[in-house]
Amino acid sequence: MVQTLSAPRILPSGDSAITVEFSRDIDDGANKRVLALDRTLANEPVPGVTETVPTYRSLLVHYDPLLVDFDTLREKLLALANLPVPPTIKTRRWRIPVVYGGEHGIDLEDVAKTLKTTSDDIVERHVRGDYRVAMIGFTPGWSYLSGLDNSLHMPRRQNPRLLTPAGTISIGGVQTGVQCLAGPSGWHLLGRTAVRTYQLHRDPIFLLEPGDHVTFSPVDAKTFAEQDRAAEGGEIVAELMAA
Amino acid sequence: MSKLIVSEIGPASSVQDGGRHGAQRYGLTPSGAMDQLALAAANVLVGNTPFAAAIEIGPFGAAFTAREGAVRVAVAGASRNTDISGSAVALDASMTLADGQTLTLGFARGGSFSYLAIEGGITGEPMFGSLAVNARAGLGSPYPRPLQAGDQLQTPPASGAPERRIDLAAPPEGPIRLVMGPQDDEFSEEEKKLFLDSEWKISATSDRMGYRLEGPIIKHLHGHNIVSDGTVNGSIQVPGNGAPIVLMPDRGTSGGYPKIATVITADLGRFAQIPAGKSFRFKTVSMAEAQAEARNFAQLLRTLPDRLRSMDQFDLNIEALSDANVAGAAVSAVDARTWQIPSPADALAPD
């Protein structure tokens, strides 16, 4: 069967980068095409391309205008983007331990109240999810996951917090996320993980790749504290599951 | 080894180089010098590779003292009063600090950033091939944070090579050049015209993440939220309040506000040097022109060593220099307390 793919929009991001946009919205099919094009460019490097940055619905392609000009690269990217998405892209599956609620997830009760249910029910719905890393961005290791249960979709906070803890697991809009470093966030904080998606002096420095699958497993506060110490010492703590 | 001691330093000063490339897909922004041409000029003056690590000095003054041997340095970038132990010295030139001598730099005049390169480079531990400070990510060496008084930089002793100056053409005047997009279709023709025809100023609450612009409010066509996508140095995003922000080397790697236009590579350093409060304008150019300018700029960077001159070809009028320094000493472009990370939620909240 021949797949018919719509051509992506090619948008200039200055004189040294091109945005290849597959959709204007968050869309699973578009994200798969982003990751497929990213992989194609990794496997068959195009002269002049220096770095690629996958996001939900577009791939940002950095290039050196001394080596390739905009028009040439646009045609090349359009041709590569229209190759069919490979049916199976080999990805990894991670299980990430999370301590939910209380001081670790200060918005859990409010989220339950807003959705007219119990905290336990929110945790169950969040743990049930089979997520995919749609993109990593904003700050090192901040992993945006697609696959959040429809019933947990809710608008971001009116007033973003300027400081939220490292390892925060939160939900915002149609997404859930694993935040690595302490920093600002407008999302609802459900819990924390000891897993460092970014840690210097550890191999690997970055744990997750765009496209990886993620599930969450609840742990108690004591386990979190133990895992946090182990992670501080360089342990990965997340479980790599059999594919 | 000799040492260069940071005796005094203001905010927004840190070790920077050509940047840390290749990990934006993991959310790690490149960082690196705000003005790559000035960084390269300073480095070339002391025989370093153009994008070696140097000290990026923000709009305020600084002083550096050589210890345990002589240290050869060069300063390029924004104009400043500069003296060694009270004797005025020229910028865009190399100079050697004898053991115990102090190089003092005043406030930046008509610019924001200067680069102090040290012969032999700065000794540090590169992460992803770079010493550039990215305080948020805990990266940078020898200190993963902006410099503070008392910091010590290890460096090879001065070679005794003859001092050099560099013949840089005056930076081009005129509007900062842009290519439109990637999300210019999120704005009406009237709003794009307003953006391009208006006079802008850089807010004092700007930093290495982004320069906030003061001017008219730019309205969105379909609201201010887009699905987060990748950013570049020079992306001009328009958040909900309609005040554009130009993203700089410490930017987030992705952002959820529409980006109306992008500053061209050749003008990024010139833009970074515009002092807070000074008026400027934008102008669009075609992609072909932007790329031709990017090639010219790369050619300029590559041929900087051809612009080195010996000091005896240089008639340094110390008296005139001192007069200029005295006249400039009263000028303070911005308030030290405001040139800090503003952490405004609208620039930082992820999507």
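**Interface and aromatic pairs of chain B**

In this predicted model, the side chains of Glu186(B) and Arg24(A) meet in a salt bridge, with 4.0 Å from N to O; a salt bridge here is a side-chain nitrogen of Lys or Arg within 4 Å of a carboxyl oxygen of Asp or Glu. Across the interface of chain B and chain A the rule finds 5 salt bridges. Because the model is predicted, local features need pLDDT of at least 70 and side-chain atom pairs count only at pLDDT 80 or more, whereas totals for chains, interfaces and linings use all residues. Residues are numbered from 1 along each chain as its sequence is written, chains are lettered from A and ligands numbered from 1 in the order in which they are written, and side-chain values use heavy atoms, with hydrogens and water left out.

**Interface of chain B and chain A**

- Between chain B and chain A, 21 residue pairs are in polar contact, both residues being at pLDDT 80 or more (a pair of N or O atoms within 3.5 Å; within protein, one must be able to donate a hydrogen and the other to accept it, and residues adjacent in sequence count only if both atoms are side-chain atoms).
- The side of chain B that touches chain A draws at least two residues from each of strand S13 (176–180), strand S16 (229–230), helix H4 (287–302) and helix H6 (345–348), where helices (H or I, at least four residues) and strands (E, at least two) are DSSP runs numbered from the N terminus.
- H4(B) gives the largest share of that side, 7 residues.
- In contact terms (heavy atoms within 4.5 Å), 49 residues of chain B meet 54 residues of chain A.

**Aromatic pairs**

- Over all chains, the count comes to 15 aromatic pairs (rings of Phe, Tyr and Trp, the last by its six-membered ring, with centres within 6.5 Å; planes under 30 degrees apart are stacked, over 60 edge-to-face and the rest tilted).
- Phe60(B) and Phe107(B) form an edge-to-face pair, 5.9 Å centre to centre with 75 degrees between the planes, and this pair links distant parts of the chain, 47 residues apart.
- Phe60(B) is buried at a relative accessible area of 7%, whereas Phe107(B) is partly exposed at 31% (buried means under 20%, exposed over 50% and partly exposed in between, with a 1.4 Å probe and protein chains only).
- Phe195(B) and Phe282(B) are stacked, 5.2 Å centre to centre with 25 degrees between the planes.
- Phe195(B) lies in helix H2 (residues 189–197) and Phe282(B) in strand S22 (residues 282–284) of chain B, so the pair ties together parts that are 87 residues apart in sequence.
- Both Phe195(B) and Phe282(B) are buried.
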